[in-house]
Amino acid sequence: MDIQVRVWRQSDSSDKGRMVTYDVKDISPDASFLEMLDVLNEKLILDGADPVAFDHDCREGICGMCSMVIDGVAHGPQRATTTCQLHMRHFKDGDVIDVEPWRAAAFPVIKDLVVDRSAFDRIIQAGGYITAPTGAAPEAHATPVPKKDADLAFEAATCIACGACVAACPNGSSMLFTAAKVAHLGLMPQGQPERDTRVIDMLQAQDDAGFGGCTNMGECAEVCPKGIPLNLIGRLNSDYRKALRNSAR
Amino acid sequence: MNDFWQDGEGIADTAAPDGPIETRWERRKFTAKLVNPANRRKLTVIVVGTGLAGGSAAATLAEAGYHVKSYCYQDTPRRAHSIAAQGGINAAKNYRNDGDSIYRLFYDTVKGGDFRARESNVYRLASVSVNIIDQCVAQGVPFAREYGGLLDNRSFGGTQVSRTFYARGQTGQQLLLGAYQAMERQIGLGTIEMNARHEMLELIVVEGKARGIVVRDMVTGEITTEMADAVVLASGGYGNVFFLSTNAKGCNVTASWRAHRKGALFANPCYTQIHPTCIPESGTHQSKLTLMSESLRNDGRVWVPLAAGDARKPGDIPEAERDYYLERIYPSFGNLVPRDIASRAAKNVCDEGRGVGPGGLGVYLDFADAIGRLGQKAVEAKYGNLFEMYERITGENPYETPMRIYPAVHYTMGGLWVDYDLQSTIPGLFVVGEANFSDHGANRLGASALMQGLGDGYFVLPTTLGNYLAAGPFATVPQDHEAVVEARRAVEDRISRFLSIDGDRTVDSFHRELGHIMWEYCGMERTEEGLTKAIGLIRSLRDEFWQRVKVPGTGEQLNQNLEKAGRVADFFELGELMCIDALHRRESCGGHFRAESQSEDGEALRHDDEFSYVAAWEYFGADRKPTLHKEQLEFEYVHPSTRSYK
Ligand SMILES: Cc1cc2nc3c(=O)[nH]c(=O)nc-3n(C[C@H](O)[C@H](O)[C@H](O)COP(=O)(O)OP(=O)(O)OC[C@H]3O[C@@H](n4cnc5c(N)ncnc54)[C@H](O)[C@@H]3O)c2cc1C
Ligand code: SF4
Ligand code: FES
């Protein structure tokens with residue numbers, strides 16, 4: 001099939017950037033969206049032009065590196081699917097497809113479709129862990145974990161830190177990302193001792209990193225490729241209130 | 001003497017203690033020198049890589065008080081390729097009371113490696129496996145659990161015990177997040193200096209010791225020289241030399257290869273694991289291959305049409321005209337034969353013209369019987385997410401039509417040679433995880449790579465590296481030291497060379513072509529004739545690369561093609577060495593199948609009298625013959641026998 005893509009081109013963080021239109025011809029419907037961009041880039045290189053920079057690595061939906069807003073939707077039209085897992089059979093011959101980077105105050109553009117998501121790491125640094133120095137661990141079966149809690153913790157822990165939630169949020173909030181980590185660790189017995197400080201410190205770090213506030217719009221969960229549920233934000237808020245009460249005591 | 005390599009002196013692993021195998025690691029820990037806690041913060045360690053091996057090592061070393069500088073090419077340490085591992089991690093916990101033990105895991109691993117691994121290393125790996133699970137649980141890794149709240153196990157990769165711990169199909173992700181979070185905690189405390197989007201392009205060796213690396217900031221293009229008391233490489237495997245593999249697109253050999261060029265021996269480069277259940281190529285745009293979990297073979301039946309060239313739809317081919325070839329050839333193991341055997345059998349039927357799907361490169365994995373027997377619901381409960389992934393990629397519904405699968409390159413057992421302390425032949429250069437060659441011999445068992453990465457990083461390296469660092473801190477190396485200046489210049493020269501060729505072919509086009517050569521001649525079946533031919537083809541392609549490659553842009557910006565050019569240039573040299581190694585090993589073992597060395601019924605034939613050694617290669621220049629050093633393997637506990645799955 002033949003399509004057109006209108007791609008955001010920005011040479012570096014100081015450039016203003018613009019949309020540029022390219023024809024991409026003879027694309028197999030079995031190609032992935034990134035493979036379509038590979039084809040475009042091969043042509044751009046041979047034409048002496050600058051290929052489009054985009055982040056990707058695993059190309060199987062797990063590393064969280066790929067990050068494109070496709071036709072206005074973070075990760076594109078297919079639900080619960082990362083950009084790298086989206087295939088061209090979801091488009092038609094003659095389509096014009098817009099491709100843009102994540103846009104959020106906390107994710108500055110580095111080049112073209114590549115953004116800086118290191119703010120996520122700073123949220124984790126603030127408390128997204130359980131302190132367990134190597135060698136000090138008790139026998140694994142010493143503490144059973146109810147299966148229900150373990151399963152819920154796992155669901156929350158499948159977040160791939162792609163940042164689509166932030167890109168989709170009109171406020172540029174990272175609440176779903178933070179809530180997923182708070183829920184994962186807060187559901188495990190091992191995570192209890194640091195539960196209060198964790199939520200307080202991570203929310204502080206989230207503000208410091210320049211993410212916006214959450215006003216319960218729910219756009220984040222709509223685009224999340226891993227199906228992280230919106231109700232984890234409610235859980236985070238209640239954890240936060242408890243933590244504040246406990247620390248006031 | 002021959003045209004391709006020369007023979008050198010033997011080498012030996014002098015770090016391993018002798019005596020009873022059960023206590024070797026205890027004794028090594030006791031004899032290892034300790035570093036006074038007050039001295040540790042004066043010692044700097046560079047760790048390249050943040051996968052399971054590098055992430056666990058960096059966190060543990062920082063907790064111990066060392067100053068750690070960590071590097072990865074992704075935008076955050078959490079995206080290292082370990083994230084993609086699906087199936088699980090082995091540990092000899094014997095929670096199922098099914099007769100498992102450290103000794104049994106050791107035995108299975110030595111045997112699974114087709115008797116080409118070191119017993120001492122493997123025993124240690126099996127014994128630290130139990131500590132890994134404790135450590136991960138303490139970090140909050142959400143492993144699958146049973147209703148009673150205890151950890152669940154499954155059996156994996158043809159073993160008779162259930163010792164694999166897992167977190168649905170995302171075990172690697174969950175284990176890596178545990179290590180990543182421990183790392184981030186240390187980064188927050190200021191003990192790890194994290195450098196994401198930084199690529200190591202050269203090793204700095206001063207007076208025979210590894211003392212630093214040259215890195216490029218992938219955003220600004222700035223080249224810096226980073227110094228330390230020791231360097232740890234945890235840079236992963238090199239399966240991407242085949243262009244198409246199940247590895248992430250950025251996986252590369254550059255860190256290891258640069259160290260190899262500086263004198264570190266490279267061991268068993270030809271040992272490659274080819275996984276039988278991957279989604280086949282769909283066309284020339286294909287950029288990577290996706291693994292479908294091996295567990296599918298528990299219920300799926302593998303078949304191809306009986307007649308070559310049968311183009312009917314699978315549903316139109318009657319039972320009598322199908323060939324369930326694994327069940328036919330291996331009646332006792334059937335569809336569950338080990339990876340190497342299943343892969344080669346698929347290749348054979350496709351070579352006979354009986355393959356299915358585009359280009360005839362695929363075989364059916366059919367669930368119709370399982371659905372009939374268990375019901376669609378039960379099949380969905382077991383494999384639902386895998387079926388969904390398959391449909392997302394191929395657009396076909398595997399509940400209605402059989403899956404198509406084909407083997408793909410998955411893991412590389414070879415890597416930099418290390419002794420029992422995980423130290424390479426360059427003092428102060430340690431290698432952990434998939435980047436070293438140490439524990440899997442000629443074939444790795446399923447769920448053992450995660451175990452090795454974390455074993456190396458959490459438990460082995462922190463002890464053995466301490467022994468080396470006890471002699472430090474070493475004298476500061478000034479930035480204008482000859483070795484530092486020379487290493488930096490080498491990097492700068494290479495980059496300007498790439499940018500100035502301005503030819504008419506893209507980096508990817510060369511990489512694809514190299515991959516074809518490797519797959520064709522150094523893939524599932526290797527012959528003397530094919531390998532000799534491949535070496536010639538690789539050499540001329542490499543020459544062409546240096547004349548005709550076109551790398552757009554400049555070095556002072558984010559330039560993904562420049563990054564790729566550097567990696568592909570190193571893959572050319574590695575690919576040649578892999579072929580030479582495969583050529584010299586005139587036997588079949590594990591993932592290495594030489595067509596000339598097979599039994600009457602087509603099974604792999606080892607030659608223990610001649611090849612029971614590790615082949616460790618020394619580099620002398622891209623156009624000069626490498627030298628082969630042999631490390632003889634001794635089997636005191638598990639006696640070499642022939643694998644049989646009939
Ligand atoms: C699809 C798939 C599924 C798998 N499933 C399983 C499984 O179920 N069980 C199992 O045991 N094993 C499995 N494996 C194998 C296992 O995942 C890997 O062998 C293991 O994770 C490798 O870990 P590592 O830490 O050595 O390297 P990696 O995780 O590959 O990490 C390499 C690190 O090095 C960095 N790096 C590389 N080069 C450079 C450079 N030049 N400069 C700076 N940084 C660099 C990268 O950024 C990265 O951080 C699977 C592999 C694949 C591909
Ligand atoms: S919560 Fe979902 S959208 Fe947000 S970072 Fe995690 S996986 Fe991505
Ligand atoms: S490239 Fe890894 S999730 Fe898309």
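Let me begin with B:Lys288, which is buried, with a relative accessible area of 6%. Buried here means under 20% relative accessible area, exposed over 50% and partly exposed in between, with a 1.4 Å probe and protein chains only. This is a predicted model, in which local features need pLDDT of at least 70 and side-chain atom pairs count only at pLDDT 80 or more, while totals for chains, interfaces and linings use all residues. Residues are numbered from 1 along each chain as its sequence is written, chains are lettered from A and ligands numbered from 1 in the order in which they are written, and side-chain values use heavy atoms, with hydrogens and water left out.

B:Lys288 belongs to the loop between strand 12 and strand 13 of chain B. Helices (H or I, at least four residues) and strands (E, at least two) are DSSP runs, numbered from the N terminus. What does the side chain of B:Lys288 reach at 3.1 Å? It reaches the backbone oxygen of B:Thr246. A polar atom of the B:Lys288 side chain also lies 2.9 Å from the backbone oxygen of A:Cys58. A polar contact is a pair of N or O atoms within 3.5 Å; within protein, one must be able to donate a hydrogen and the other to accept it, and residues adjacent in sequence count only if both atoms are side-chain atoms.

I turn to the sheet in chain B. Five strands form an open sheet in the order 12-16-15-13-14, with antiparallel pairing. Its edge strands, each pairing on one side only, are strand 12 (272-278) and strand 14 (322-323) of chain B. Two strands pair if DSSP finds at least two bridges between them.

Strand 15 (residues 363-366) of chain B pairs over three bridges with strand 13 (residues 301-305) of chain B, in the antiparallel sense. There, B:Asp366 is the bridge partner of B:Arg301. Strand 15 of chain B also pairs with strand 16 (residues 403-412) of chain B, again antiparallel and over three bridges. Opposite B:Leu365 stands B:Met403, and opposite B:Val363 stands B:Ile405.

In a regular strand the side chains alternate between the two faces of the sheet. In strand 15 of chain B, B:Val363 and B:Leu365 point one way, B:Tyr364 and B:Asp366 the other, and all are buried.

Next, the ligand. Which chains surround ligand 1? Residues from chains A and B do, so the site is shared between chains. The shell holds 39 residues, the closest being B:Gln74, B:Ser82, B:Gly87, B:Met200 and B:Glu434. A residue is near a molecule or strand if one of its heavy atoms lies within 4 Å of it.

Helix 3 (52-64), strand 7 (198-206), strand 16 and helix 12 (449-469) of chain B each give at least two residues to this shell. Strand 7 of chain B has the largest share, three residues.

Oxygen atoms of ligand 1 lie 3.0 Å from a backbone N or O atom of B:Ala53, 3.0 Å from a polar backbone atom of B:Tyr73 and 2.5 Å from a polar side-chain atom of B:Ser82. Taken alone, ligand 1 exposes 1000 Å², of which the protein buries 98%.

Finally, chain A. Chain A has eight helices and seven strands, and its C-alpha trace spans about 65 × 35 × 35 Å along its principal axes. Of its 249 residues, 57% count as buried.

Note on methods: Accessible areas come from the Shrake-Rupley method with a 1.4 Å probe; for residues, only the protein chains shown count as cover.
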